[in-house]
Amino acid sequence: MTYSIASTERSVSQPTPRQRSTGGKPPNSSTSNVHSLAVLWARKYYTAVTNQDKDESVSSLTAADLKETASLEGRKSTAEKMMQKLNFASAQAWSLTETLLSEEIRRHGINPELVNPLEIAADTRYLFQKTANAYAQRATPRRLSVIVGKDFGQVRQKYTSVDRRAIGFVSMQFHYTGQKLLEWLSPPEQKLWLPYLKVMDDHMYMPLQAAYDAAANHPYNSSALLAVQNLLPISTKLAISVCQQVCRQNPNYETYSGSLMSKTVRIASIRDVEMFQVYLCLCVLEDDIRAVQRELFPLCVMLYPRLRVGWRLVQDMLKAIGWEMYNRLSPENMATFLPYLRTLTEMFSCDVFQEQE
């Protein structure tokens with residue numbers, strides 16, 4: 001299955017809603033590209049992760065519960081609770097990560113010395129400690145994205161500099177640590193902590209710092225930079241729509257963590273769709289598909305079979321991503337993304353995985 005809209009015409013004279021809202025103006029030339037992308041990514045939390053959760057367990061919370069938990073003392077108490085449990089959560093997380101991925105070290109020919117559980121756990125704990133400290137000091141999720149961005153970028157760089165597949169073990173260790181910590185929090189604490197966990201998830205799974213660095217090499221009116229600046233703010237809404245479509249197409253699908261309809265899988269699925277978009281942005285900014293070839297594709301080959309995510313599900317996702325981008329972006333922006341989107345879709349096509357399906 002390949003994605004192509006080459007035969008579909010759309011008049012470039014008709015502006016999209018996105019164009020009308022921005023007036024088609026370039027970004028302020030006095031603002032650095034790195035700062036601009038970081039702010040765009042942080043800004044989306046205003047609408048993406050601060051909306052009220054519709055789950056019954058959350059809607060039943062009283063204003064008094066949330067007010068007490070959100071106070072300075074309440075936040076400090078939550079942070080202290082997580083720090084007390086962090087070592088135990090980290091140990092449990094590595095046990096789960098090892099169970100899931102230990103066979104992949106042999107199967108993929110990964111040097112075992114690159115997967116040091118003590119080092120990975122220590123780096124994970126450091127990131128959680130820094131985030132918990134920011135939470136205790138009442139930093140907002142939007143502000144957290146700026147506070148921890150470089151730290152996550154350095155950890156990613158550390159594990160991808162020799163063998164990019166090593167980040168898969170770090171990502172799963174990080175994911176399971178976060179899930180274990182959530183189990184020890186009360187519903188009000190979970191409600192307030194989840195947006196911070198999403199910020200951390202984004203920076204761990206996605207090459208955001210690499211995208212910021214690549215953006216620094218572009219002039220402010222670069223077509224690549226403008227296309228990325230228009231996609232990033234809508235990436236979460238786009239991801240939610242894509243996941244809804246994939247769920248409708250595969251209503252009975254069961255992954256390693258449960259049904260596509262379950263909350264845990266839905267959150268992870270939205271994150272993965274956003275992750276594919278960020279890699280696509282990185283390819284555009286670098287004018288190269290290497291980030292997908294060297295990192296994203298090998299990671300998917302290593303993780304998705306273990307997580308029981310079939311390649312046809314990935315193909316459905318990529319097709320939906322393509323049409324959502326087509327409907328939401330201007331023709332000029334879409335033309336910038338299209339060569340890389342086509343290549344990305346072809347890499348995950350039926351022709352590549354036909355023997356495994």
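Me: Buried means under 20% relative accessible area. With that cut-off in hand, why does Cys281 count as buried?

Reply: This is a predicted model, and in it Cys281 has a relative accessibility of 2%. That value falls under the 20% limit, so Cys281 is called buried. The residue lies in helix 14, and, not counting residues up to four places away in sequence, Cys281 touches Val228, Leu231, Leu232 and Phe337. Its C-alpha is also 9.2 Å from that of Gln229, although Cys281 and Gln229 are 52 residues apart in sequence.

Me: How do you know that the sulfur of Cys283 is too far from the closest cysteine sulfur for a bond?

Reply: A disulfide needs a pair of cysteine sulfur atoms within 2.5 Å. For Cys283 the closest cysteine sulfur is in Cys281, and the distance to it is 9.3 Å, which means that the two are too far apart for a bond.

Me: What makes helix 12 roughly perpendicular to helix 17?

Reply: Helix 12, which covers residues 223–231, and helix 17, which covers residues 331–347, pack at an angle of about 105°, and their axes are 9 Å apart. Angles from 65 to 115 degrees count as roughly perpendicular, and therefore helix 12 is described as roughly perpendicular to helix 17. On the side of helix 12, the residues that meet helix 17 are Ser223, Ala224, Leu226, Ala227, Val228, Asn230 and Leu231, while helix 17 contributes Asn333, Thr336 and Phe337. Sorted by class, this contact holds six nonpolar residues, four polar ones and no charged ones.

Me: Why are helix 6 and helix 7 called roughly antiparallel?

Reply: Here the angle between helix 6 (residues 72–107) and helix 7 is about 170°, again with the axes 9 Å apart. Because angles over 145 degrees count as roughly antiparallel, this pair is given that name. Among the residues of helix 6 that make the contact are Leu72, Met82, Ser90 and Trp94, and among those of helix 7 are Pro117, Ala121, Arg125 and Tyr135. By class, the contact has 13 nonpolar, four polar and three charged residues.

Me: Is Ser90 buried or exposed, and how do you know?

Reply: Ser90 lies in helix 6, and its relative accessibility is 2%, so it counts as buried. Apart from its neighbours within four places in sequence, Ser90 is in contact with Ala121, Arg125, Gln173 and Thr177.

Me: What is the phi of Arg138, and what is the phi of Asp287?

Reply: Arg138 has a phi near 70°, which is positive although the residue is not a glycine. Asp287 also has a positive phi, of about 55°, and is likewise not a glycine. Most residues other than glycine have a negative phi.

Me: How do you know that the span of helix 13 is close to the one expected?

Reply: Helix 13 runs over residues 235–249 and has 15 residues, and from its first C-alpha to its last it reaches 21 Å, close to the expected 21 Å. The expected span is 1.5 Å times one less than the number of residues. The buried residues of helix 13 include Leu238, Ala239, Val242, Cys243 and Val246.

Me: What makes Tyr212 count as buried?

Reply: Tyr212, which is found in helix 11, has 5% relative accessibility, so it falls under the 20% limit and counts as buried. Tyr212 and Leu282 are 70 residues apart in sequence, yet their C-alpha atoms are 8.7 Å apart in space.

How values were computed. Residues numbered from 1 in each chain as written. Predicted model: local features only at pLDDT ≥ 70, side-chain atom pairs only at ≥ 80, totals over all residues. Heavy atoms only, no water. Axes fitted to C-alpha atoms, helices over the stretch in contact; angles between N-to-C directions. Helix = DSSP H or I, 4+ residues; strand = E, 2+ residues; numbered from the N terminus. Parallel < 35°, antiparallel > 145°, perpendicular 65-115°, else oblique. Contact = heavy atoms within 4.5 Å. Nonpolar A, V, L, I, M, F, W, Y, C, P; charged D, E, K, R; others polar. Buried < 20%, exposed > 50% of the residue type's maximum accessible area, 1.4 Å probe, protein only.
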